[in-house]
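Here are some notes to read alongside the model. I have put them as numbered points so that you can follow each one on your screen.

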Amino acid sequence: WKLTLEEAVDLQEDLKAGYGEAAFQERLTDILAKHEPGSAAWNQQRLELFLTVQSRVLPKYGFSGSTDGIVDMMKLFNVRPEFSRDPEIQRRGQEINGLLRIEPASSSTSRAQTATAKGSKPKPPAQEVEVRVRHAYDFVDVKV
């Protein structure tokens, strides 16, 4: 894909405009209220909603208006240094994530703190597990 910095900015602005529409935000609020985050229904309905905007915007910039198009666009934004290092592109990306109510990857701790602040219990940390693998040809155990 040959996308200039200006076109990348335009693409982001078009996505922001679509995600910021009142009807989109109302539907997103409804999905978030009705389904447990991370559940199959939550993921599926969010994907379908996101595609209502993406399927209109992405083809204008040479991408498929499908999940494949989103993957291709995200790869491009992450691979091209003029996009991945541009502070304005990064800022717009954060604004888009805010409109989609996607938390930054580093927010797992803050989710637990938020859950505690709201009175619900955060999920306990995963238990340590020992896995043993035995090689069939020499019967040597390996701990992982």
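This is a predicted model: local features need pLDDT of at least 70, side-chain atom pairs count only at pLDDT 80 or more; totals for chains, interfaces and linings use all residues.

1. Helix H6 runs over residues 87–100. H6 has 14 residues, and the distance from its first C-alpha to its last is 20 Å, close to the 20 Å expected at 1.5 Å a residue.

2. Which residues of H6 are buried? They are Ile-89, Arg-92, Ile-96 and Leu-100. Looking down the axis of H6, these buried residues fall within an arc of 80°, so they line one face of the helix.

3. What covers the buried residues of H6? The cover includes H1, H2, H3, helix H4 (67–79) and helix H5 (81–84).

4. Asp-86 sits in the loop between H5 and H6, and with a relative accessibility of 18% it counts as buried. The Asp-86 side chain reaches the backbone nitrogen of Glu-88 at 2.9 Å and the backbone nitrogen of Ile-89 at 2.8 Å. Leaving aside neighbours within four places in sequence, Asp-86 is in contact with Leu-5 and Pro-81. Asp-86 and Leu-5 are 81 residues apart in sequence, but their C-alpha atoms are 9.1 Å apart in space.

5. Following H6 comes Arg-101, with a positive phi near 60°. Do take a second look here: Arg-101 is not a glycine, and most residues other than glycine have a negative phi. Arg-101 is found in the loop between H6 and helix H7 (108–117). Its relative accessible area is 35%, so Arg-101 is partly exposed.

6. Where does the side chain of Gln-25 reach? It reaches the backbone oxygen of Leu-99, at 3.0 Å. Leaving aside neighbours within four places in sequence, the contacts of Gln-25 are Tyr-19, Gly-20, Leu-99 and Arg-101.

7. Turning to charged pairs, the count comes to nine salt bridges. One of them joins Glu-13 and Arg-92, whose closest N and O atoms are 2.7 Å apart. Glu-13 lies in helix H1 (residues 5–20) and Arg-92 in H6, so this pair ties together parts that are 79 residues apart in sequence. Are the two partners buried or exposed? Glu-13 counts as partly exposed, at 32% relative accessibility, whereas Arg-92 is buried, at 11%.

8. Glu-13, Lys-16, Glu-88, Arg-91, Arg-92 and Glu-95 are linked in a network of salt bridges. If you display those side chains together, you can trace the network by eye.

9. A further salt bridge joins the side chains of Arg-56 and Glu-21, at 3.8 Å from N to O. Arg-56 belongs to helix H3 (residues 40–57) and Glu-21 to the loop between H1 and helix H2 (22–34), so the pair ties together parts 35 residues apart in sequence. The cut-off for a salt bridge is 4 Å, so the 3.8 Å pair falls within it. Arg-56 is partly exposed, at 45% relative accessibility, and Glu-21 is partly exposed too, at 40%.

10. Arg-80 and Glu-82 form another salt bridge, with their closest N and O atoms 2.6 Å apart. Glu-82 is partly exposed, its relative accessible area being 36%.

11. How many residues does the largest nonpolar core have? It has 25, and those with the most contacts inside it are Leu-3, Leu-11, Leu-15, Phe-24, Phe-63 and Met-73. H1, H2, H3, H4 and H6 each supply at least two residues of this core. In soluble globular proteins, nonpolar side chains tend to be buried together.

12. Neighbours within four places in sequence aside, Leu-3 is in contact with Ala-8, Leu-11, Tyr-61, Phe-63, Leu-76, Phe-77, Arg-80 and Phe-83.

Technical notes: Residues are numbered from 1 along each chain as its sequence is written. Side-chain values use heavy atoms; hydrogens and water are left out. Helices (H or I, at least four residues) and strands (E, at least two) are DSSP runs, numbered from the N terminus. Buried means under 20% relative accessible area, exposed over 50%, partly exposed in between (1.4 Å probe, protein chains only). The expected span of a helix is 1.5 Å times one less than its number of residues. The arc is that of the directions from the helix axis to the C-beta atoms. Contact means heavy atoms within 4.5 Å. A polar contact is a pair of N or O atoms within 3.5 Å; within protein, one must be able to donate a hydrogen and the other to accept it, and residues adjacent in sequence count only if both atoms are side-chain atoms. A nonpolar core is a set of buried Ala, Val, Leu, Ile, Met, Phe, Trp, Tyr and Cys residues joined through side-chain atoms within 4.5 Å.
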